[in-house]
Amino acid sequence: MKINISSKTVSTGIMFLVFIAIGIISVVLIGKGDDNSLSFDVYSDAIYSEHEDWADVSTSLNNSQNDNSEFVEEMENVSISIDDLVQKVNSSYNKEGTISNKQFSDEMGIKIEKISFLNDYTPENVFYYSGYVFAGDRIFDSTGTDLTEVLSGYTFVDGRDNDGNVLFQKDNKYYFLSDGSIHESKNVHNINKGPAYMSSFDKEYTLFESGGKWGAINSEGKIIVKAMFTYGFGYNEGVGCFASKAENFYFYDSDGELISSEFVIPENGFGAFRMQDGITLVSDGKKNLIMKACGSIIDTPSDYSVIGCSDGIILLKKNQKFGYMNAKGQWIVEPDFTNASYFSEGLAVANGSVIDRNGNIVIPKGFDYISDFSEGVSFLYSFDKGWFVAKKLI
């Protein structure tokens, strides 16, 4: 997805479809020609779908591991007022501190505040991604600072460089915004989609190109993977990911020993191209699978489709219902969600509530719209009360 900041004719309808869909974490290899460029800029069409009336969606959670009965009660009590909901969240997760974009943990808090800079907009013409709010023909940061003039003439490219910076493009060069100023990015081998912590790679290993092919060297300058691949995606968590022109995956360990070469790049899904929390998304050519760092496949229920993975959590689907499973193959939340997003920064939106990686509800149901968390914040909308922002504090 690309948004030209200088244009005032962006289709808000398309932006809303993107807003309610789940962007796939993918990697676009920057090659020297069409034969060396690989793009998997796709969106899942049924993962986080719009629902006309959240109150009609019934939710059943597996509470065996979680003491969250009060939140479950309030989640199912759709008559709870927004004011009461906000007060409940702020009192239950009371913590003062700075905003964090790390994965959610028990040490973090959630604080919801009313905001005014989006008062003139509804979710149909607002898109939030990676710390930037696109609203009509304006662009703001998450604090409400108007950046429209600063970014005039630049195109938002929906991705990050290898340092985790959100990218904009102008005249075939990539830039990022820092401290109110535009800077050219010098580290754009891959354009990575997703939270910042999914965009950086192991600094002990560096990709190199030779004869139009990609390999890897370690911190001592030793070649551990020969330059023989059409695509190189880098090392993460000690595992390097490469692909052939035929889009076969090749995974290597830190010593350059081959871990796996039997899988291919998924046609769709979320969580491929890198290890993240010890798992990654692959395909056997027929269906999506979840591979561990050792090369083995996680055993998931055969009657469920693997949609993808993020934050070490697997999203599965059966008969238009979604559930979450951890890397051990254990259900975190029973598969009874009509609408569910991937995890981002340790939190996921499911049936109008927000849950953490243990299945605990951290924001009960009540808002009419909740964005994914990005850069430590999420934007929430109520038809009656307007816009709010939820901040993760640590």
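The legends below describe close-up views of a predicted model.

Local features are given where pLDDT is at least 70, side-chain atom pairs count only at pLDDT 80 or more, and totals for chains, interfaces and linings use all residues. Residues are numbered from 1 along each chain as its sequence is written, and side-chain values use heavy atoms, with hydrogens and water left out.

**Figure 1. Overview of the protein chain.** The chain contains three helices and 32 strands, where helices (H or I, at least four residues) and strands (E, at least two) are DSSP runs numbered from the N terminus. Of its 394 residues, 56% are buried; buried denotes under 20% relative accessible area, exposed over 50%, and partly exposed in between (1.4 Å probe, protein chains only). Among contacts (heavy atoms within 4.5 Å) with a separation of 6 or more, 51% join residues 24 or more positions apart. The chain exposes about 17,100 Å², of which carbon and sulfur atoms supply 43%; accessible areas come from the Shrake-Rupley method with a 1.4 Å probe, and for residues only the protein chains shown count as cover.

**Figure 2. The aromatic pair of Y128 and F379.** Rings of Phe, Tyr and Trp (its six-membered ring) pair if their centres lie within 6.5 Å; planes under 30 degrees apart count as stacked, over 60 as edge-to-face and the rest as tilted. By this rule there are 27 aromatic pairs. The ring centres of Y128 and F379 are 4.8 Å apart and the planes stand at 70°, so this pair is edge-to-face. Because Y128 belongs to strand β6 (residues 126-129) and F379 to strand β31 (residues 377-382), the pair ties together parts that are 251 residues apart in sequence. Y128 is buried, at 6% relative accessibility, and F379 is buried at 1%.

**Figure 3. The aromatic pair of Y324 and F343.** These two rings are also edge-to-face, with 5.0 Å from centre to centre and 75° between the planes. Y324 lies in strand β25 (residues 321-326) and F343 in the loop between β26 (331-337) and β27 (347-350), so the pair ties together parts that are 19 residues apart in sequence. Both Y324 and F343 are buried.

**Figure 4. A ring cluster, and lysines placed over rings.** Ring pairs join F127, Y129, Y132, F134, F156 and F168 into a cluster. A charge sits over a ring if NZ of Lys or CZ of Arg is within 6 Å of the ring centre and within 35 degrees of the ring normal. K170 lies over the face of Y154, at 4.9 Å from the ring centre, and K114 lies over the face of F388, at 5.3 Å from the ring centre.

**Figure 5. The salt bridge between D83 and K385.** A salt bridge is a side-chain nitrogen of Lys or Arg within 4 Å of a carboxyl oxygen of Asp or Glu, and the count by this rule is 11. The side chains of D83 and K385 meet at 3.3 Å, N to O. This pair links distant parts of the chain, 302 residues apart: D83 is in helix α3 (residues 82-92) and K385 in the loop between β31 and β32 (386-393). D83 is partly exposed, with a relative accessible area of 44%, and K385 is partly exposed at 38%.

**Figure 6. Further salt bridges, including a network.** The closest N and O atoms of K111 and E113 are 3.7 Å apart. K111 is partly exposed at 28% relative accessibility, as is E113 at 27%. Salt bridges link K111, E113 and K391 in a network. Elsewhere, D146 forms a salt bridge with R138, the closest N and O atoms being 3.0 Å apart.
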